[in-house]
Amino acid sequence: MITKKRNLKNHLKDLSFNMTKVIDTDKYLDFVRQTTSPASTHLAALLSRLTELDTSADADVPRLLTAALGLSAEAGEFTEVVKKIFLQGKPYNEENAFHLKRELGDICWYIAQACMALDTSFDEVLQMNYEKLSARYPEGTFDVYRSENRKEGDL
Ligand SMILES: [Mg+2]
């Protein structure tokens with residue numbers, strides 16, 4: 001274990017040295033391999049982990065996976081429309097606002113999946129968000145300092 005950590009440190013040193021010049025892609029790929037978990041590289045390890053979570057920890061693995069993949073994908077679709085409007089000359093008009101609302105609906109669908117997986121509701125999630133931000137901004141307005149200097153546990 002210690003040897004593995006030392007090898008990793010040496011890899012990082014080599015990488016940081018080489019990154020000032022030209023990236024050695026073979027070394028970088030070795031680094032990526034070494035820093036990847038077994039569940040990310042072996043189907044048996046992934047299936048074992050998912051089964052452990054589903055049975056021992058009582059996690060709703062299928063729904064959590066559905067929600068995580070879907071939220072990321074749909075947020076990307078929403079962002080793609082905004083990107084094209086802001087950066088690529090696409091007009092900001094009723095049609096594109098409609099498209100954004102449709103993508104927002106898709107995001108909500110995946111939020112509902114996440115709520116089901118976590119045995120919660122939209123109401124509870126919104127309430128938790130309200131309480132978190134109220135505690136972060138007690139004056140009720142955004143504050144750069146408070147945004148950048150959060151209390152421990154303020155995620
Ligand atoms: Mg969509």
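Where does Asp-119 lie? Select it and you'll land in the loop between α6 (94–117) and α7. Keep in mind that you're looking at a predicted model. Now check the backbone here: phi of Asp-119 is near 50°, a positive value in a residue other than glycine. Is Asp-119 buried or exposed? It counts as exposed, because it has 9 C-beta neighbours inside 10 Å, and a residue with 12 or fewer falls in that class.

Next, jump back along the chain to Asp-58. This one sits in the loop between α4 (43–55) and α5 (61–87). Phi of Asp-58 is near 60°, again a positive value in a residue other than glycine. With 9 other C-beta atoms within 10 Å, Asp-58 is exposed.

Time to select a helix. Pick α7, residues 122–136. How far apart are its end C-alpha atoms? They are 21 Å apart, and that agrees with the 21 Å that 15 residues should span at 1.5 Å a residue.

Follow the chain out of α7 and stop at Gly-140, which is in the loop between α7 and α8 (144–148). Gly-140 counts as exposed, since it has 8 C-beta neighbours inside 10 Å. While you're there, draw a distance line from the C-alpha atom of Gly-140 to that of Thr-51. The two residues are 89 apart along the chain, and their C-alpha atoms are separated by 44 Å.

Now colour by domain. The assignment gives domain 1 as 59–119 and domain 2 as 121–155. Between the centres of domain 1 and domain 2, taken over C-alpha atoms, there are 23 Å.

Finally, zoom out to the whole protein chain. Buried residues make up 3% of the 155. As for contacts with a separation of 6 or more, 43% of them are accounted for by residues 24 or more positions apart.

Terms used: Residues numbered from 1 in each chain as written. Predicted model: local features only at pLDDT ≥ 70, side-chain atom pairs only at ≥ 80, totals over all residues. Domains from an automatic or database assignment. Buried ≥ 20, exposed ≤ 12 C-beta atoms within 10 Å, placed from the backbone. Contact = placed C-beta atoms within 7 Å. Helix = DSSP H or I, 4+ residues; strand = E, 2+ residues; numbered from the N terminus. Expected span 1.5 Å × (residues − 1).
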